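This report covers side-chain contacts in one structure: charged pairs and aromatic pairs. The sequence and model come first.

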Amino acid sequence: PNCCGTLMNLNHLASALDRIWCIYEVYLTHSLKKPFTLNFRTGPLTGALHQSEETDAWVFHVFSLLQSINVAEAQATSKDDYNKIMKEIENYQGAANGQVGAEALNTTVKAMLAKQAIFTLVS
């Protein structure tokens, strides 16, 4: 595909991480080996630490939100969309041993997002 990557804009609640289409887009970005960037009110998460107390707090906030990502419990406006996405990922095998489907995707999405937060924390 001609996609250059994905930019996910997050509000203060990071509610996109509760939406199945948004999580699925993270999955597609990973599958296509494209760059993924988390963006918030003051700009991209990557490299945001130490710009201000607000951005430092945001990095830690996003990192804590990663714990609650759960594809199987994600919201969808359309039950049909939810079912199609769950069917699409049911055979997905992540890097973690023995994980398949939603469980494997949870691990992959958390790792992709944590990578940006951790990179920011050590920069």
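## Salt bridges

Asp-80 is partly exposed, with a relative accessible area of 43%; the class runs between buried, under 20%, and exposed, over 50%, with a 1.4 Å probe and protein chains only. The structure is a predicted model, in which local features need pLDDT of at least 70, side-chain atom pairs count only at pLDDT 80 or more, and totals for chains, interfaces and linings use all residues. Residues are numbered from 1 along each chain as its sequence is written, and side-chain values use heavy atoms, with hydrogens and water left out.

Side chains of opposite charge can pair when their charged atoms come close. A salt bridge here requires a side-chain nitrogen of Lys or Arg within 4 Å of a carboxyl oxygen of Asp or Glu, and the count by this rule is 2. One joins Asp-80 to Lys-84, with 3.2 Å between the closest N and O atoms. Asp-80 and Lys-84 are 4 residues apart in helix H3, so about one helical turn separates them. Lys-84 is exposed at 53% relative accessibility. Glu-90 forms a salt bridge with Lys-87, where the closest N and O atoms are 2.9 Å apart. Glu-90 is partly exposed at 38%, and Lys-87 is exposed at 55%.

## Aromatic pairs

A pair of aromatic rings is described by the distance of the centres and the angle of the planes. Rings of Phe, Tyr and Trp (its six-membered ring) pair if their centres lie within 6.5 Å; planes under 30 degrees apart count as stacked, over 60 as edge-to-face and the rest as tilted. How many aromatic pairs does a search of the whole structure find? The search finds 3.

The ring centres of Trp-21 and Tyr-24 are 5.7 Å apart and the planes meet at 80°, so this pair is edge-to-face. Both residues lie in helix H1 (residues 20-31), 3 residues apart, about one turn of the helix; helices are DSSP runs (H or I, at least four residues), numbered from the N terminus. Trp-21 is partly exposed at 41%, whereas Tyr-24 is buried at 11%.

## A contact across the chain

Tyr-27 and Tyr-92 also form an edge-to-face pair, with 5.2 Å from centre to centre and 85° between the planes. This pair links distant parts of the chain: Tyr-27 is in helix H1, and Tyr-92, 65 residues apart from it, is in the loop between helix H3 (79-89) and helix H4 (102-122). Tyr-27 is buried at 10% relative accessible area, and Tyr-92 is buried at 11%. Trp-21, Tyr-24, Tyr-27 and Tyr-92 make up one aromatic cluster.

Technical notes: Helices (H or I, at least four residues) and strands (E, at least two) are DSSP runs, numbered from the N terminus.
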